[in-house]
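Here is a note for a colleague who is opening this structure for the first time. Please read the points with the model on screen.

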Amino acid sequence: MNMRTVYVNGTYLPENEATISIFDRGFLMADGVYEVTSVLDGKLIDFAGHAKRLERSLGELDMPHPECLPDLLDIHRELVRLNGIEEGMIYLQITRGAPGDRDFVFPDPETCTPTVVLFTQNKPGLANSPAAKTGIKVISVADQRWARRDIKTVQLLYPSMGKMMAKAAGVDDAWMVEDGMVTEGTSNNAYIVKGNTIITRHLGNEILHGITRAAVLRFAREAQMQVEERSFSIAEAQEADEAFITSASQFVMPVVEVDGKAVGAGTPGPVAARLREIYLEESRKAAV
Ligand code: PDD
């Protein structure tokens, strides 16, 4: 990969010159939040939604707002320009900062300011992913994350372990299950389709409130599809007509196998394909 230009605390600089303190609470305590925004045609997809969720995450954790918060759109755009991104992602992370020592107690926001890091991920062909044509396979794993999954924190060890369990099982991803019901995928929201009805878990502290989820459900309702926001089990998913996931990096991605059992015909279904098409079309139009 070419040397990227990244953003750290107000400065644009080459990735190999960007540094943060060893005392940064993101590093020591996973005391940080993040967002991933996709780029299509050199423009940001669903930026307003990501910015709003970021502010909510900061608020839920009593984390001070960084000074650059009002400039985030400009910073995203500048990174897209500097790195010549047509298709890809922008990763943004804000931590509570580096107080100069390790302490469980939050530092004084007067003296310790948040750390802000952004970098680009160039992914030519992101919207034309071959996986969207074949679908992906998932296994189920126990959901062993903390109880505030609605906050987009950088505590990603368990989702990372989930991906490794999927890899070890020879599949693409894992759906997490709690009290017999699917919460979500390791880094995406989970859906099934039965007849003309799209079923996805209701919002709560148990799942991340996906920005792609909100857009896709809106488009589905506008297209006169039925939407039921409720939890479902792995057994119900295996009996469904279709399944899929959504996220900023995968848009709408069909799921064709759950725990070794084919979903529907075992090929991507028409509802997921249609929603992917509508989502890409509409979000490209609204991109900034
Ligand atoms: N993940 N659920 C979880 C646990 C996630 O980590 C994500 C996003 C989503 C989908 O949210 P959205 O539609 O706003 O991207 C749901 C990002 C893409 C990541 O960690 O890379």
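This is a predicted model: local features need pLDDT of at least 70, side-chain atom pairs count only at pLDDT 80 or more; totals for chains, interfaces and linings use all residues.

Is C112 buried or exposed? Keep that in mind for the first point.

1. **C112.** C112 sits in the loop between strand 5 and strand 6 (115-122). The relative accessible area of C112 is 5%. The cut-off for buried is under 20%, so C112 counts as buried. Which residues does C112 touch, apart from its neighbours within four places in sequence? They are R96, G97, A98, P99 and P107. Take G97 from that list. G97 and C112 are 15 residues apart in sequence, yet their C-alpha atoms are 6.1 Å apart in space.

2. **The chain as a whole.** The chain has 8 helices and 15 strands. Its radius of gyration is 19 Å, close to the 19 Å that the globule rule gives for 288 residues, so the chain is as compact as a globular protein of that length. The C-alpha trace spans about 55 × 40 × 35 Å along its principal axes. Of the 288 residues, 50% are buried. Now consider contacts between residues at least 6 apart in sequence. Of these, 71% join residues at least 24 apart.

3. **The largest nonpolar core.** In soluble globular proteins, nonpolar side chains tend to be buried together. Here the largest nonpolar core has 29 residues. Those with the most contacts inside this core are I198, F244, F251, V252, L275 and Y279. Several elements give two or more residues to it: strand 3, strand 5 (88-95), strand 10 (189-194), helix 6 (211-222), strand 14 (251-258) and helix 8 (270-286). Helix 8 supplies the largest share, 6 residues.

4. What does V252 contact, leaving aside its neighbours within four places in sequence? The partners are V216, F244, I245, T246, A272, L275, R276 and Y279. Another core, of 22 residues, lies apart from the largest one. F47, L72, L79 and V80 are among its residues.

5. Most residues other than glycine have a negative phi. F251 has a positive phi of about 55°, although F251 is not a glycine. F251 lies in strand 14. Its relative accessibility is 0%, so F251 counts as buried. D179 also has a positive phi, near 50°, and is not a glycine. Where is D179 placed? D179 is in the loop between strand 8 (173-178) and strand 9 (181-185). The relative accessible area of D179 is 78%, so D179 is exposed. Look at both residues on the model.

6. **The largest pocket.** Rolling a probe the size of a water molecule over the atoms shows where empty space is left. The largest pocket has a volume of about 1,000 Å³. It is lined by 43 residues, and those closest to its centre are Y34, K152, T186, S187 and N188. Helix 5 (residues 157-168) gives the largest share of the lining, 5 residues. By class, the lining has 17 nonpolar, 17 polar and 9 charged residues.

7. **The second largest pocket.** The second largest pocket holds about 300 Å³ of space. Its lining has 15 residues, and G49, R53, H209, I211 and A214 lie nearest the centre. Helix 2 and helix 6 are the elements that give two or more residues to this lining. What classes make up the lining of the second largest pocket? It divides into 5 nonpolar, 3 polar and 7 charged residues.

8. **The cavity.** How many cavities of 30 Å³ or more does a search of the whole structure find? It finds 1. The volume of the largest cavity is about 40 Å³. Its lining residues are E35, T37, F47, H50, A51, L72, H76 and L92. Strand 3 (32-40), helix 2 (47-60) and helix 3 (72-83) each give two or more residues to that lining. Helix 2 gives the most, with 3 residues. By class, the lining has 4 nonpolar, 3 polar and 1 charged residues.

Definitions and conventions: Residues are numbered from 1 along each chain as its sequence is written. Side-chain values use heavy atoms; hydrogens and water are left out. On a 1 Å grid over the protein atoms alone, a cavity is a set of points where a 1.4 Å probe fits but cannot get out, and a pocket is an open set with protein on both sides within 12 Å along at least five of seven lines; lining residues have an atom within 4 Å of a point. Grid points are joined across faces, edges and corners, and a volume is the space filled by probe spheres set on the points. Helices (H or I, at least four residues) and strands (E, at least two) are DSSP runs, numbered from the N terminus. Ala, Val, Leu, Ile, Met, Phe, Trp, Tyr, Cys and Pro count as nonpolar, Asp, Glu, Lys and Arg as charged, and the others, Gly among them, as polar. A nonpolar core is a set of buried Ala, Val, Leu, Ile, Met, Phe, Trp, Tyr and Cys residues joined through side-chain atoms within 4.5 Å. Buried means under 20% relative accessible area, exposed over 50%, partly exposed in between (1.4 Å probe, protein chains only). Contact means heavy atoms within 4.5 Å. The radius of gyration is taken over C-alpha atoms; the globule rule is 2.2 Å times the number of residues to the power 0.38.
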